[in-house]
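Me: Please take a close look at one residue and its surroundings in the structure below. Then set that part in the context of the rest of the protein, with the cut-offs behind each term.

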Amino acid sequence: MMSVNTRGTYLTSKACIPFLKKSKVAHILNLSPPLNLNPMWFKQHCAYTIAKYGMSMCVLGMAEEFRGEIAVNALWPRTAIHTAAMDMLGGAGVESQCRKVDIIADAAYSIFKRPKSFTGNFIIDENILKEEGIKDFDIYAITPGHPLLPDFFLDEHPDAVMEEKESYDPVPEVKEEKLQLQEQPQLQEQPQLQEKPQLQEQPQLQEKPQLQEQPQLQEQPQLQ
């Protein structure tokens with residue numbers, strides 16, 4: 001989670017900045033929320049909040065560092081958006097409380113049309129589209145007319161968000177049961193091998209007496 005959201009945002013921006021500086025309409029847009037320090041948004045999903053707020057802090061830092069060169073902003077939906085993640089976490093029927101991804105696409109396009117001086121902003125999708133003159137937001141609803149689920153990190157309807165989250169209970173409780181390791185049977189000791197009797201030293205052979213040298217025969221005189 002940290003690697004994708006916070007670290008991924010920082011490193012991707014770092015790799016692209018040299019090329020963005022050459023553009024006349026350079027923009028970085030993070031899908032991250034306003035930095036809301038209400039403890040309610042930390043108590044049940046602290047790691048997720050840290051990961052998303054890390055992206056928002058990149059917006060603050062980079063917008064100031066590259067002011068006049070690159071516009072850096074954040075976009076966040078007012079309501080839940082229907083994605084595969086919502087199907088996984090929200091359960092059956094959650095899509096009726098969501099909007100289509102089209103609203104995020106239209107809001108992003110509205111941001112990219114603006115000059116580089118429009119930077120360091122935390123933008124809510126519905127607000128910027130109202131500035132564009134859009135009044136009927138049912139066109140973005142999966143089920144027009146159905147009540148929508150407010151998104152995280154916005155204090156407009158915090159109780160409704162938490163009640164819906166708790167009703168779905170997407171995070172299963174982890175049972176704190178330690179697996180007991182089965183004791184392995186002890187190996188029986190093998191009987192020790194009896195020591196072999198040491199071989200007795202064989203008696204040393206007596207040296208044979210040396211043979212006496214035989215006297216050499218005298219040469220017989222040759223006959224004349």
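Reply: Leaving out residues up to four places away in sequence, L75 touches L29, N30, L31, S32, I104, A107, A108, I111, I123, I124 and D125, where contact means heavy atoms within 4.5 Å. This is a predicted model, in which local features need pLDDT of at least 70 and side-chain atom pairs count only at pLDDT 80 or more, while totals for chains, interfaces and linings use all residues. Residues are numbered from 1 along each chain as its sequence is written, and side-chain values use heavy atoms, with hydrogens and water left out.

L75 belongs to the largest nonpolar core, which has 13 residues; L75, I103, I111, I123, I128 and L129 touch the most other members. Such a core is a set of buried Ala, Val, Leu, Ile, Met, Phe, Trp, Tyr and Cys residues joined through side-chain atoms within 4.5 Å. Buried means under 20% relative accessible area and exposed over 50%, with partly exposed in between (1.4 Å probe, protein chains only). Helices α5 (102-112) and α6 (125-131) each supply at least two residues of the core, and α5 gives the most, with five. Helices (H or I, at least four residues) and strands (E, at least two) are DSSP runs, numbered from the N terminus. Apart from this core lies another, of 12 residues, including L20, I28, V59 and A63. In soluble globular proteins, nonpolar side chains tend to be buried together.

The axes of α1 and α3 come within 7 Å and cross at roughly 30°; axes are lines fitted to C-alpha atoms, for helices over the stretch in contact, with angles from 0 to 180 degrees between N-to-C directions. The two helices, α1 and α3, are therefore roughly parallel, a label for angles under 35 degrees. N5, T6, T9, Y10 and S13 of α1 meet I50, A51, K52, G54, M55, C58 and M62 of α3.

Two loop residues are buried as well. T79 lies between β2 (71-76) and α4 (84-90) and counts as buried because its relative accessibility is 6%. Beyond its neighbours within four places in sequence, T79 is in contact with R99, L148, L149, P150 and D151. F153 is in the loop between α6 and α7 (158-168) and, at 1% relative accessibility, is buried. Its phi is near 75°, a positive value in a residue other than glycine. Most residues other than glycine have a negative phi.

By contrast, K22, in the loop between α1 and β1, is exposed, with a relative accessible area of 70%. K22 and I70 are 48 residues apart in sequence and 9.6 Å apart in space, C-alpha to C-alpha.

For the whole protein, seven helices and three strands follow the pattern α-β-α-α-β-α-α-β-α-α. Buried residues make up 33% of the 224 residues. Of the contacts with a separation of 6 or more, 71% join residues 24 or more positions apart. The protein exposes about 17800 Å², of which carbon and sulfur atoms supply 54%, by the Shrake-Rupley method with a 1.4 Å probe.

Key. Angles under 35 degrees count as roughly parallel, over 145 as roughly antiparallel, 65 to 115 as roughly perpendicular and the rest as oblique.
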